[in-house]
Amino acid sequence: MLQIDELTHVYGNGVKALDNVTLSIPTGMFGLLGPNGAGKSSLMRCIATLQTPSRGQIRFDDIDVIQEPERLRRVLGYLPQDFGVYPRVSAYDMLDHMAILKGIAEPKARKAEVERLLEQTNLYGVRKKALAGFSGGMRQRFGIAQALLGDPRLIIVDEPTAGLDPEERNRFLNLLAEIGENVVVILSTHIVEDVTDLCPAMAILAGGKIVKTGAPMDLVKQLSGRIWTKTVEKADLEALRAQHQVISTRLFAGRTVAHVLADENPGDGFEPFAGGLEDVYFSTLHASRKAA
Amino acid sequence: MFAKIVGFEFRYQLKNPVFWVAAGIFFLLTFGSVTVSEIQIGSSANVHVNSPYAMAETSLVLALFFMFVSTAFVANVVVRDDETGFGPIVRATRVKKGAYLYGRFVGAFLAAALAFLAVPLATLVGSWMPWVDPEKIGPFRPGDYLYTYAVLALPSLFLTSAGFFALATATRSMMATYVGVVGVLVLYFVVTALTAKPEYMTLMAYGDPMGFGAVDLATRYWTVNERNTALVPLVGPLLWNRLLWTAVAAALLSLAYGAYRFETKGSKVKRRQKAEAAPAAPVFAGARAIPRFDGRAARAQLWARTRLDMAQVFKSPAFFVLLALGVFNAGAGMWFSDGGYGVQIYPVTRQMIGVLRGAFTLIPVIVAIYYAGELVWRERDRKTEEIIDAAPVPDWVFVAPKILAIALVFVALLGVSILAAVIVQALKHYGDFEIGKYLWWYLAPLSVSLTLFAVLAVVVQALSPHKFIGWGVMVLVIIAMLVLGNLGFEHNLYRYGGGVIGPVAQLSDLNGQGRAGEAGWWFRAYWSAIALALTVIAYALWRRGKETRLLPRLRRLPRRLAGPAGAILALSVVAAAGLGGFIYLNTNIWNPYHTGLDDDRWAADYEKAFLRYETLPQPKITDVVLNVALYPDYPKAVTTGVYVIQNKTNAPIRELHVRFAHYLKVPSLSVEGARPTKTFEKFNYRIFTFDTPMAPGEKRRLSFQTELSQRGFVNSRNLTRIVENGTFLEDDSFTPMLGMDRTMLLTDRAKRHKYGLKPAELRMPKLEDDAALQFSLFRKDSDWVNADITVSTKADQTPIAPGYKVSDVTAGGRRTAHFVTEAPINHFFSIQSARYAIKHEAYKGIDLSVFYYPGHPWNVDRMIAALKHGLDYDQANFSPYQFHQVRILEFPAFQGAFAQSFANTIPYSEDIGFIDDVRDPDKIDMVTYVTAHELGHQWWAHQVIGANMQGATMLDETLAQYSAIMTMEKLYGRDRIRKFLKYELDNYLRSRGGEIVEEEPLDRVEDQGYIHYRKGSLVMYRLKDVIGEDAVNRALRTFLKQHAFKGAPYPRSTDLIALFRQEAGDDPIKQQLITDLFEKITVYDLRTVKAVSKKRADGRYDVTLTVSAKKHYADGKGQETEAAMNEPVDIGLFSKEPGKKDFTSKDVILLQRLPIHSGETTLTFVADRAPTFAGLDPYNTMIDRNSDENIKKVGG
């Protein structure tokens, strides 16, 4: 159980990345959804001990993360949003190196663990290839392999599916689902489907604040009957925005499909729409933007 | 289009850190050479730091090394697009290959050329710096800067840029290009070293692509005046050199066009990657590995990080470039190290280490600075910091491996350099590798000191907000270390690490590293404690995760220091305090601490206080009794002594001035019938007043006790004259001197100026100064003295002093020997003591002996043979040898690289002679030459000595040269002397340019080595040629008869010249020659213009020679005026070139001495054989600036 209380972080240049964030994260997969720049990575880094927040508390079970980062690191698996590799180092050697850093000192056990993880992440066949030559998906899988080293109890994956093709993404999410049963896994993403597919619990972060928490199903249920859709010409969009709470628009066959949030049917050609998590997300963002 | 590409490329390169780093480094290098007197390129005592000559040399040297930078620029142009993957995009545009390739080249070259402007800029800025002696700065002439940059630097930059651009286009690999750079550099050094002989000079003026050869040819004999004012003229070889190599550069550029393929380079067809589909992965079952966080895990982490850090260094191309550069630089240095005059030396390990220290240690220093930045910032540069820093690794596991890895890299680097040294030794067929010396004199101290430096570099990087800032700080640290020493901040307690490569101990096979070696380890221990403290601080402030600002890290510092880290910090501070305290006790309490500046100031004050007593009449010493107890291990020399002094003036003497060397302790001093009236403790200067003045002719006694010692060790300037094995003391360092003279005063012009001393130079008394005739060159307070010297030392050493040994007793662990003279000798004694091997040989009633270090046996027999040859010549031609023993004694290299002649005693440095490798009979036999020279001094110094005035050293050094040359000529023949004289000539002409004060003719030489040795050899040999050996020797015999063993008044140079004139007779040509040789600075310009030979009907040959001759007189500053020439000059016809390896007397077809006048002369001869070479003054007996043009190949 990860408990975050009143976490605030202000960067050196005055940007307030996190604003009084309070959040409880139970065992299992937890989705942290938010647009780019919402503060997801800042939150992840604070939890991963890579950044000391300006204010607030983070506790993981009995560990005070801010006071005892060393203890947290012992149970942490972390896949950052963007990471590089050492040149001229193979996947095996790098994973082996990481295993040592994670405290797996005994060579035989380490070898077995490294090979097992390579196999699990489907990298065994390319273990001797230089990491620098890996594709984006392979690299992400390597990232999850190193995050799983040392049997972590808290796993943080920051934007893991960005830039992956659908097949790679599926493979990656399956892998996550496998491990996410007995430990805390925080999946930070801006892709709604990732959360829909995987997470029994979630939160939406916008502008450094938690603007919604809950189980995806519950959140979708709360919206039911309040989402309306209409297909309009691009030119009419501005007028529509003026009249209604347009939470999202997208193009379909050259015309614009708009989703509107309203307790009653706004009429005027709108049709009811069985909203999904995406509509929860957009409506939440819409509300938080309006509030800002 | 082209211009746009050029512009883009230029701006791109300017944004590249390489540009700024390179400009910064070259700025600092130049700035250092301009403002730090220890670093000099081109300038010298009188040559201004911003003189055209100094700027030319600086530009040439730095343009050579700029090769690495310009390659980074131009090769980057070619390789960049492929590395970034941007190539296809660029090439898909409409840009043409030519515009793309050359546009980028031009842009990059312009950037390189701009970066090199840092060099003239640094000269300019440096010349404004307030601490640079104004005497060393010439006027600011913008034209000089422009000319030097445009003519000397730019063409070289263009050539190297074009060449390596071509190589990069052909190989498309940065690594391959850099390997090429190293290869070219190595080739360049090797060829330059192989052709560093006078005969290749003209060839290299054209052939040396960097222009050194051409500049050297034009300026080698430049005087100070010329170096300060004249630009190297862009004519002749220099012009052609610049044109030729610029054309070569253009050709290379056009080759690059052909070599460049515009298409994307297809990657080699590799085996298809089956990886993704590979189904054969084994199945892994079993329990998950559970992490542990104990000592074992930490050790595994430490080692894994160390390996990773080391691998980063070892796998980077830059490392190999640096290593190769260092090894080849040091390798060439070791391979070509010689003992002067082209003499080979045995590559003893001590010598190899000396070269390595000088030529190789820069590489690890660069590695420390560069890789400290690379390693500390690697995680951030590679963007792995989030993964790595989130791992459960304590911070010290990040800090320690950086230092450990760099330390191990140092060991590897130094190990490779040792391997190179051993290979050089093996290639020279020298089998005694002395690995222990490599380890303890080189590897161990240097790797520790360098590691200390690396710790500093790592700490600086850990605190600095950016890698480049960290690098910049380290460069400033180096500069500060160099500059602070000059400003009087010398103490190794505050100079980090005791210097960039730590305290460096001087080496000797006899005495090892001596006290300085031991002191070095104390300093290293002290700085290791501080380095440990710094490491803890780096640990506590380690950048982890995303926080790179220093302030938040500083805030958490106290919390991070709680626990073991704080304990280690406290311990290391305590250790540093303890060690520092002990060092301070040694350097400042047990021994006086003094800097170079302190000593200068002392000498200036000394002069101001006492020089006015210089002319005060004083008694002279007639008898000396010394009892010297040496304690080599301490080191200490305790002396009790008695002088008998006599008033040799015509008036009573009321006061006696007694002086001692600066730091000598004087526990007791008494003068018969006198009381001390003034004592200047600070200056060790005492004035005694006689109760009853000393009457003329009266003798009295002066008794004294002194102690010359050092307790423990000192900061620098350890006592090197008394050492554990190889003590060599001169008497004036531990005995009193009477009256004020000019020893111990500042002579350097700049320093005299700084301390306001007048006159600007301390010159010798003029030749016309009759008062100076009262004093000999050796000592003002003595004429010839009787000596009775007792020396005691450790039981296992041999004590030596001038005189004959009358007793030698070993008792109570001490060996005591007693030496007395049979007849008076010069008051000029040496005391020596060491564990010697001794070789004796009796020869014609004289005991010849060599006392040597057992490891240096090679030339002992040759020295004894040289003594025999020398005795034979000198006794037969001058006078009988006055002693019945000659002793040669080896002394440690750190006391100097010279030999010196005391009465029947010749201390001889281990650095010369003893390690000469004379197995090649074509090389000059310097062992015999030096030995014969020092033996010659037994006549020319120890039988007759000149008055202390101008020309005095003509009577000892020049005549000792004559003895040596004649001994050599009898042994090796006249033809082989040519080679020796050619070195003498070259050395004389080059040294003239470095004259600090004023060049004097030989009869007025003021202890100027290049005149009394180098020119002296040439003068005496020519004199002998023209008036004949017998006549010269007759004159010398007469000179000895008139002056040998006589006290004041002492002879002058003109007394001997008068004897030469008598022997020369009435011949006005010979009289004129003596004037030109001794009384004027005469420079000839001799050339063979044409040499033609035709076969005659009778089978003989008609030879026609056209020669041209000129004679100039020069003044003391090198200004020349032409004089009419009419004198005999040797003309020769030869079947081989004189001076070449296999040239022998059989190759001389004809040799005649014919009168030659100013201007051209045509001569005809009939020869029996066909000559291949012909010309005038073939043996280089005349002083000629272009001695290579004397001889010409004969045409048909």
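How many bridges join strand β7 of chain A to strand β8 of chain A, and do they run parallel or antiparallel? The two strands run parallel and are joined by five bridges.

## Basis of the model

This is a predicted model, in which local features need pLDDT of at least 70 and side-chain atom pairs count only at pLDDT 80 or more, while totals for chains, interfaces and linings use all residues. Residues are numbered from 1 along each chain as its sequence is written, and chains are lettered from A and ligands numbered from 1 in the order in which they are written.

The model scores ipTM 0.90 and pTM 0.85. For chain B the average pLDDT (the predictor's confidence in each residue, from 0 to 100) is 89, and 96% of the residues score at least 70. Residues 266-279 of chain B stay under 50; for this stretch the model has five contacts beyond four places in sequence. Two residues are in contact if their C-beta atoms, placed from the backbone, lie within 7 Å.

## Chain B overall

An automatic or database domain assignment gives chain B domain 1 (2-259), domain 2 (302-382 + 389-581) and domain 3 (1081-1196). Over C-alpha atoms, the centres of domain 2 and domain 3 of chain B are 58 Å apart.

The C-alpha atoms of chain B fill a box of roughly 110 × 90 × 55 Å along the principal axes.

## A sheet in chain A

Chain A has an open sheet of six strands with mixed pairing, in the order β6-β7-β8-β3-β9-β10. Strands are DSSP runs of E of at least two residues, and helices are runs of H or I of at least four, numbered from the N terminus; two strands pair if DSSP finds at least two bridges between them. At the edges, β6 (76-79) and β10 (209-214) of chain A each pair on one side only.

Within the sheet, β7 of chain A covers residues 154-158 and β8 of chain A residues 184-189. Ile155(A) stands opposite Val185(A) in β8(A). Helix α1 (residues 40-47) of chain A packs on the sheet and touches β3 (28-33), β7, β8 and β9 (201-206) of chain A.

Terms used
Axes are lines fitted to C-alpha atoms, for helices over the stretch in contact, and angles run from 0 to 180 degrees between N-to-C directions.
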